[in-house]
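Visitor: Please show me the model, and then I will ask about some of its residues.

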Amino acid sequence: MSNIYISRTNQKLLFAKLHLDSLKKAEQGSGWSKHAQIESYAESVLFHLVSAYSAYLREIAAVYYLEPEKISTRDELLEQMEAKGLEAPEAKELSLLAGSDSWLSQLLGAYRACWAAQEREEATHSEHASLSEIQVVQVNPDHASDREVIAQLETWVNSMRELIDRQREGLKEW
């Protein structure tokens, strides 16, 4: 396996864990920026987890002698594998996880939600509508479910780590 892709995957997993730890500390805090810190760390955990996932896709590509630098999504990995007539149990498992209501599917959906913007027309129907072109939509505006969000992120960090470690064992044989 190429050390550069393993290192990048591990680095992103470490960053996700570090930001998760900071998120837990922020949740216990009481400063004026507590809620901003919570939202910031929650999004950064998602970013680093998805970055770890992307790096891991490249790691798989390198093992199968594909072109990892051209891969950033599972579909791109599958396209390259299909073009070379290859099948990989790792890619198949990732496809099953991403296509169901699994933790990976939920993680990727939460990450995409960070980038979703509410259309201005939809927002103007609200009594609290803003005239701004960019609408801020808070998923957890009163922070009542912060603990549940943190628990979910922790589950995703652990699940990603377990998945990668388990699949790497199988890749060693390749």
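Visitor: Is Gln80 buried or exposed, and what is its relative accessible area?

Guide: This is a predicted model in which local features need pLDDT of at least 70 and side-chain atom pairs count only at pLDDT 80 or more, while totals for chains, interfaces and linings use all residues. Residues are numbered from 1 along each chain as its sequence is written, and side-chain values use heavy atoms, with hydrogens and water left out. Buried means under 20% relative accessible area, exposed over 50% and partly exposed in between, with a 1.4 Å probe and protein chains only. By that rule Gln80 is buried, at 14%.

Visitor: Which residues does Gln80 touch, not counting those up to four places away in sequence?

Guide: Contact means heavy atoms within 4.5 Å. Gln80 sits in helix 3, residues 74–83, where helices (H or I, at least four residues) are DSSP runs numbered from the N terminus. With residues up to four places away left out, Gln80 touches Leu66, Glu67, Lys70 and Ile71.

Visitor: Which residues touch the most other members of the largest nonpolar core?

Guide: A nonpolar core is a set of buried Ala, Val, Leu, Ile, Met, Phe, Trp, Tyr and Cys residues joined through side-chain atoms within 4.5 Å. The largest one has 41 residues, and those touching the most other members are Leu49, Leu77, Leu104 and Met160.

Visitor: Which helix gives the most to this core?

Guide: Helix 1 (3–28), helix 2, helix 3, helix 4 (89–99), helix 5 and helix 7 (146–172) each supply at least two of the core residues. The one that gives the most, with 13 residues, is helix 2.

Visitor: Why is the pair of Tyr111 and Trp115 classed as it is?

Guide: Rings of Phe, Tyr and Trp (its six-membered ring) pair if their centres lie within 6.5 Å; planes under 30 degrees apart count as stacked, over 60 as edge-to-face and the rest as tilted. The structure holds 1 aromatic pair. The ring centres of Tyr111 and Trp115 are 6.2 Å apart and the planes meet at 70°, so the pair is edge-to-face.

Visitor: How many residues apart are Tyr111 and Trp115?

Guide: Both residues lie in helix 5. Their spacing is about one turn of the helix, which is 4 residues.

Visitor: What is the phi of Tyr65?

Guide: Tyr65 lies in the loop between helix 2 and helix 3 and counts as exposed, at 63% relative accessibility. Although Tyr65 is not a glycine, its phi is positive, at about 55°.
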